Amino acid sequence: MAIKDSYPINSSVNNLIYIFESKGIKGTIKKVVIFQKLEANRYNLAFGDEVKGKVDDTIDSNNKDMIKVLSTIANIIYDFTTHFPDAVIVISAAERRRLILYNGIFRKRFEEIEENFEVEAFKEGLREIYSPDEFYYKFEIKRKSSNLSK
């Protein structure tokens, strides 16, 4: 499952850090995705612009290529779970605006996501199986074992 309209990615040797370049109205902006190990097979997905050698997840670069950036992140998640098939990826937002965006993405693309991933989500402190009709503050996804060879 590779989303075609996405940027080329480069990954670290251990496949925990991915880098790509956003190209848009503000020029080329280096983007970084880091999978931070929380425990056993749980990883936090951190994403942002590289600024002075660090990842800033609060910047809104507004390069007018959001769909392509999000498609690239989806490809990165897919690649990461190819290397770490038992990983549970935790996705949360640094701010409300991004949380609204993440909920919209899961809602709009849920049928595609559900083909390859199990999705659980959190609301009011409780974990539940994801429902597109609800609004969540955190998501957890895990690659379905039946789709690991794809």
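Trainee: Which strand does I129 lie in?
Mentor: In this predicted model, I129 belongs to strand β8, which covers residues 126–129.

Trainee: And is I129 buried or exposed?
Mentor: I129 counts as exposed, because its relative accessibility is 66% and the cut-off for that class is over 50%.

Trainee: What does I129 touch, then?
Mentor: Leaving aside residues up to four places away in sequence, I129 touches V119, E120 and Y136.

Trainee: How far is I129 from E140, going by the C-alpha atoms?
Mentor: Their C-alpha atoms are separated by 9.6 Å, with the two residues 11 apart along the chain.

Trainee: Switching to S22, where is that found?
Mentor: S22 is part of strand β2, made up of residues 17–24.

Trainee: Buried or exposed for S22?
Mentor: S22 counts as buried, since its relative accessibility is 0% and buried means under 20%.

Trainee: Which side chains make polar contacts with the side chain of S22?
Mentor: The side chain of S22 has a polar contact of 2.9 Å with that of N63, and another, of 2.5 Å, with the side chain of D65.

Trainee: What else does S22 touch?
Mentor: Setting aside residues up to four places away in sequence, S22 touches N63 and D65 again, together with Y7, G27, T28, I29, K31 and V69.

Trainee: Zooming out, how many helices and strands are there in the protein chain?
Mentor: The protein chain has 2 helices and 9 strands, and their order along the sequence is β-β-β-β-β-α-β-α-β-β-β.

Trainee: Why would you say the radius of gyration agrees with a compact globule?
Mentor: A compact globule of 150 residues would have a radius of gyration near 15 Å, and the protein chain has 15 Å, so the two agree. Along its principal axes, the C-alpha trace spans about 40 × 35 × 30 Å.

Trainee: What about burial and contacts over the whole protein chain?
Mentor: Of its 150 residues, 37% count as buried. Among contacts between residues at least 6 apart in sequence, 54% join residues at least 24 apart.

Trainee: Last topic, what about the surface and the charges?
Mentor: The accessible surface of the protein chain comes to about 8800 Å², and carbon and sulfur atoms account for 52% of that area.

Terms used
Residues are numbered from 1 along each chain as its sequence is written. This is a predicted model: local features need pLDDT of at least 70, side-chain atom pairs count only at pLDDT 80 or more; totals for chains, interfaces and linings use all residues. Side-chain values use heavy atoms; hydrogens and water are left out. Helices (H or I, at least four residues) and strands (E, at least two) are DSSP runs, numbered from the N terminus. The radius of gyration is taken over C-alpha atoms; the globule rule is 2.2 Å times the number of residues to the power 0.38. Buried means under 20% relative accessible area, exposed over 50%, partly exposed in between (1.4 Å probe, protein chains only). Contact means heavy atoms within 4.5 Å. Accessible areas come from the Shrake-Rupley method with a 1.4 Å probe; for residues, only the protein chains shown count as cover. A polar contact is a pair of N or O atoms within 3.5 Å; within protein, one must be able to donate a hydrogen and the other to accept it, and residues adjacent in sequence count only if both atoms are side-chain atoms.
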